[in-house]
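User: I'm new to this one, so please walk me through it.

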Amino acid sequence: MPASDTSPEPASPVEQPRPARREFKARGSFVIRCPGCNLPKLNCLCPYKVSVASHAQVWLLTHSMEHLKPTNTGRLISDVLSDTKVFTWSRTALDPEFEALLQYSRYAPFLIFPDDQPDYAERVVGIDAVHAAKANERIPVYLILDGTWRQARRMFRKSPYLDALPVLPLRTERETRYRLRKPASKAHLCTAEVATELLRQGGDSDAASVLDDYFDVFNESYAASRFYRRIDEPTSAMQRLLKRRLES
């Protein structure tokens, strides 16, 4: 009989611990931000926050990625117009509250989107439709797709629950003043600028002016903070908003 093999089994290789990964840091994550306005504390926006009434409302259908961006301007609209409603976009799962509001006859929602394609031309209306809604004692609603232009186009095409809404293109000669992201074109306004122009054209000029000033303050404050520069002398927009706060 062959002798039994009593030699020890080869030792399993010892798994070496992986080197610890560096903690992921998003751009700007080290900045100390105000918990109220989410801007760098160096140039906090809170002293200039002013609420104002408007006949029309703004609803934002926001891409999930936009919620994570401190440079998103949709939240400025919510700061100024307390009736603003914000919903997170989903291709299939329609928010129940949003669905109910779309069916509520008190509101006249208009989907804000360019009229550059022929397949929905029959849905396109002008700003006169907003004034007609007001004349019929309905509340006009500017439904803005809050995201990049690529995201907004996908949201428009991939949301069948929006297919019955009239499409209102924004017609304006205004060029963007937004300094925190580089637009593909000067004609591509950011979300707050779009809302400002719609409010102005729809007759809510006071709300439009306040939102425009608030956007300017946000734009200047954030841009200055990127270079660690404090704005010590209030700008014209800041002075107007401070005056409104004192008067309210």
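User: Where is Asn38 found?
Analyst: Asn38 sits in the segment before β1. Helices (H or I, at least four residues) and strands (E, at least two) are DSSP runs, numbered from the N terminus.

User: And what is its phi near?
Analyst: Phi of Asn38 is near 70°, which is positive in a residue other than glycine. Asn38 counts as partly exposed, with 33% relative accessibility. Buried means under 20% relative accessible area, exposed over 50%, and partly exposed in between (1.4 Å probe, protein chains only).

User: What should I know about the model and the numbering?
Analyst: This is a predicted model, where local features need pLDDT of at least 70 and side-chain atom pairs count only at pLDDT 80 or more, while totals for chains, interfaces and linings use all residues. Residues are numbered from 1 along each chain as its sequence is written, and side-chain values use heavy atoms, with hydrogens and water left out.

User: OK, Glu137. What is its phi near, and where is its place?
Analyst: Phi of Glu137 is near 60°, again a positive value in a residue other than glycine. Glu137 is in the loop between α3 and β4. Glu137 is exposed, at 73% relative accessible area.

User: Zooming out, how many helices and strands does the chain have?
Analyst: The chain has seven helices and five strands. From the N terminus on, the order is β-α-β-α-β-α-β-α-β-α-α-α.

User: How much of the chain counts as buried?
Analyst: Of the 248 residues, 41% count as buried.

User: Now β3. Are its residues buried or exposed?
Analyst: Six of the six residues of β3 (107–112) are buried, so the strand is largely enclosed by the rest of the structure. Tyr107, Pro109 and Leu111 point one way from β3, and Ala108, Phe110 and Ile112 point the other way.

User: In what sense do β3 and β4 pair?
Analyst: β3 and β4 (139–146) pair in the parallel sense, over six bridges. Two strands pair if DSSP finds at least two bridges between them. Phe110 stands opposite Tyr142 in β4.

User: How does the chain cross from β3 to β4?
Analyst: The path goes through helix α3 (128–135), and this β-α-β crossover is right-handed. That is, with the strands pointing away from the viewer, the path from the first strand over the helix to the second runs clockwise.

User: What about β3 and β5? How many bridges join them?
Analyst: Two bridges join β3 to β5, and the strands run parallel. Ile112 has Leu168 in β5 as its bridge partner.

User: Back to β4. Are its residues buried or exposed?
Analyst: Eight of the eight residues of β4 are buried, so β4 too is largely enclosed by the rest of the structure. One side of β4 has Ile139, Val141, Leu143 and Leu145, and the other has Pro140, Tyr142, Ile144 and Asp146. β4 also pairs with β1 in the parallel sense, over six bridges. Thr62 stands opposite Asp146 in β4.

User: Next topic, the largest nonpolar core. How many residues has it?
Analyst: That core has 46 residues. A nonpolar core is a set of buried Ala, Val, Leu, Ile, Met, Phe, Trp, Tyr and Cys residues joined through side-chain atoms within 4.5 Å. Residues with the most contacts inside this core include Val58, Ile112 and Phe218.

User: Which element gives the largest share?
Analyst: α6 does, with 11 residues. A second, separate core of 22 residues includes Leu102, Phe113, Val141 and Ala152.

User: And Val58, what does it touch?
Analyst: Not counting residues up to four places away in sequence, Val58 touches Ile77, Leu81, Asp83, Thr84, Lys85, Tyr142, Ile144 and Ala195. Contact means heavy atoms within 4.5 Å.

User: Last one: how many aromatic pairs are there?
Analyst: The structure holds 10 aromatic pairs. Rings of Phe, Tyr and Trp (its six-membered ring) pair if their centres lie within 6.5 Å; planes under 30 degrees apart count as stacked, over 60 as edge-to-face and the rest as tilted.

User: How far apart are the centres of Phe98 and Tyr161?
Analyst: Their ring centres are 6.3 Å apart and their planes stand at 90°, so this pair is edge-to-face. Phe98 lies in helix α2 (96–103) and Tyr161 in the loop between α4 (149–157) and β5 (167–168), so the pair ties together parts 63 residues apart in sequence. Phe98 and Tyr161 are both buried. Ring pairs also link Trp59, Phe87, Phe98, Tyr104, Tyr107 and Tyr161 into a cluster.
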